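Here is a set of questions and answers for a reader who is new to this structure. Each answer sets a value against the definition behind it.

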Amino acid sequence: MNHANDKHITSAVLPFDDMSHDSSQEYFGDGIAEEILNSLAKVKALRVTARISSFAYKNKDKNIKDIGVSLGVDYIIEGSVRKSGNKLRITAQLINTDRDYHLWSETYNRALSDIFAIQDELTMSITKALKVTLLPEEKQQIAERTTDNIEAYELYIRARTLLANRNANTVKLAVADLEKALGLDSNFGKAKAELYFAYDDANDFLGLSKLVMQEKQKGLFDELIASSQVFPEKFVVISQHLVVYNNNYRASEQAVKTALMLNPSNTLALQVLSIYQSPENAAATLEQAIKLDPMDLDFKHWAVYYYLSLGNEKRALELLAETKVIDKSSPYNAYNAYNAYNAYNAYNAYNAYIAYIAYIAHRIYYGNERNINKALTAMQRVNIKHNRISEYLMAGLYIANGNIDEAIALVKENINHYPHDVRLAKLVSQFMLAQGELLFTKQQQLEVNKLKHLLSPKLQKSINVDINLLTGNYQPILADKVLYQQLLTDADNLTVDTDYQDNVLWVAAYLYAHYG
């Protein structure tokens with residue numbers, strides 16, 4: 001049977017076991033598996049599970065049938081790598097998950113310099129075993145190389161493994177590896193794309209200033225634009241840069257569509273595409289990402305927002321239920337679970353129609369149109385008084401439009417009714433941070449400081465932590481040993497069953513990733 005036009009051939013690539021004598025090549029096995037995953041994902045007839053979900057089974061004793069059911073795939077590719085000096089031994093096998101039956105297996109004993117040829121042969125053999133006929137352009141994309149330098153390539157795949165476990169140490173090592181790789185091959189396109197996003201992490205985890213980050217990203221963007229190399233990650237970078245630094249939404253959307261044309265299974269590209277779509281289409285796009293990466297809570301938390309804005313509480317609750325059975329040991333997953341529950345709590349507490357109007361207003365201003373007056377008009381179509389989810393967004397739009405007095409008055413009125421509201425505390429934090437940029441008058445600065453003291457003592461302390469965190473001033477937090485220890489304890493206990501109204505917890509997760 002020829003599956004060339006069958007879009008339902010589903011597969012996952014598990015991390016390859018490290019068989020080196022000292023177990024020092026784990027990153028290499030992960031990297032080879034991810035490269036094969038990415039190559040297969042370029043084949044339109046296949047749906048390939050993304051890295052986060054496929055690698056969730058690393059070092060876990062679970063049978064192939066169970067993994068197939070959990071990931072919703074028909075086939076599993078697994079294997080092992082032994083690397084010693086310039087010698088390389090790779091074993092791979094393709095397994096039918098329903099019958100736990102080996103369709104194909106092969107062992108390659110080659111020189112390390114043959115690594116690219118081995119990866120191509122693996123991909124071709126797997127597609128042949130699945131009876132998939134590759135289109136000419138797919139063969140070309142699979143064979144696309146952005147470097148021939150083996151040492152640079154090793155640094156690149158090690159950096160990708162490091163970045164998959166983000167914390168201050170791994171980000172520092174990954175950035176160094178990628179910069180070294182580009183020193184060895186200045187035309188290594190995939191390393192440039194990876195480094196572009198790694199600088200975002202360096203801003204978050206290493207204190208790299210935004211100005212330096214922007215300069216470095218601008219340089220990489222210019223080089224990628226000038227390059228004739230064609231690969232999906234390049235166009236994801238272009239899309240990101242165009243919208244963040246140039247506010248060019250139309251060109252950004254086109255770039256991310258190009259990335260998906262090259263790799264329909266690129267989940268990051270699907271997530272970016274959802275930003276430009278209607279709520280209905282955005283939810284459908286995120287559902288595609290969820291199928292490809294069911295263990296990544298980021299897609300589910302955004303899908304919850306979209307479904308709630310559409311009034312589809314049933315699907316939102318289904319996604320929330322799924323977050324309860326996914327590992328949330330990392331601050332990344334815990335924070336996304338927190339966001340998903342925040343969305344549901346907001347919906348459950350306030351009128352859904354009001355929330356939908358507020359959502360539309362925000363899309364008008366922050367989406368393609370950038371029309372503040374139209375957004376404000378949309379918000380005024382309904383009586384938003386004491387429907388706080390709308391009032392939070394309205395205050396943000398007031399600030400964006402320079403209506404500072406109106407924003408302060410709206411927040412003050414709500415604080416008088418709800419002094420324990422975490423979202424109001426976040427708004428006050430934003431006001432305090434924005435004073436220097438938006439030229440608040442002295443009277444307005446006094447009013448903002450008064451707002452802080454109207455909140456509960458717990459939230460006032462939370463604001464202090466918030467301000468220090470967002471300005472990168474960690475020393476007051478770290479110096480308060482009692483507070484810091486409490487934050488670490490909270491971070492360790494951060495799960496879906498935690499009280500998600502406690503705003504300090506996401507701060508704790510962030511700090512834990514940096515210093516824990």
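Q: Why is leucine 273 called buried?
A: In this predicted model, leucine 273 has a relative accessible area of 10%, and buried means under 20% relative accessible area, with exposed over 50% and partly exposed in between, for a 1.4 Å probe and protein chains only; leucine 273 therefore counts as buried. Residues are numbered from 1 along each chain as its sequence is written. Local features need pLDDT of at least 70 and side-chain atom pairs count only at pLDDT 80 or more, while totals for chains, interfaces and linings use all residues, and side-chain values use heavy atoms, with hydrogens and water left out.

Q: Where does leucine 273 lie, and which residues does it touch?
A: Leucine 273 lies in helix α12, where helices (H or I, at least four residues) and strands (E, at least two) are DSSP runs numbered from the N terminus. Not counting residues up to four places away in sequence, leucine 273 touches Glu253, Val256, Lys257, Leu260 and Thr285, a contact being heavy atoms within 4.5 Å. Leucine 273 and leucine 286 are 13 residues apart in sequence, and their C-alpha atoms are 9.1 Å apart in space.

Q: What makes α11 and α12 roughly parallel or roughly antiparallel?
A: The axes of α11 (residues 249–262) and α12 (residues 267–275) come within 9 Å and cross at roughly 150°. Angles under 35 degrees count as roughly parallel, over 145 as roughly antiparallel, 65 to 115 as roughly perpendicular and the rest as oblique, so α11 is roughly antiparallel to α12. The axes are lines fitted to C-alpha atoms over the stretch in contact, and the angles run from 0 to 180 degrees between N-to-C directions.

Q: Which residues make this contact of α11 with α12, and how do they divide?
A: On the side of α11 they are Glu253, Val256, Lys257, Ala259 and Leu260, and on the side of α12 they are Ala269, Leu270, Val272 and Leu273. They divide into seven nonpolar, no polar and two charged, where Ala, Val, Leu, Ile, Met, Phe, Trp, Tyr, Cys and Pro count as nonpolar, Asp, Glu, Lys and Arg as charged, and the others, Gly among them, as polar.

Q: What makes α6 and α8 roughly parallel or roughly antiparallel?
A: The axes of helix α6 (residues 150–163) and helix α8 (residues 189–205) come within 11 Å and cross at roughly 30°, and α6 and α8 are therefore roughly parallel to each other. Here Tyr156, Arg160 and Leu163 of α6 meet Lys190, Ala191, Glu194, Ala198 and Asp201 of α8. The residues of this contact divide into four nonpolar, no polar and four charged.

Q: How do you know whether isoleucine 290 is buried or exposed?
A: Isoleucine 290 has a relative accessibility of 6% and therefore counts as buried. Isoleucine 290 lies in helix α13 (residues 279–292) and touches Phe299, Lys300, Ala303 and Leu319, not counting residues up to four places away in sequence.
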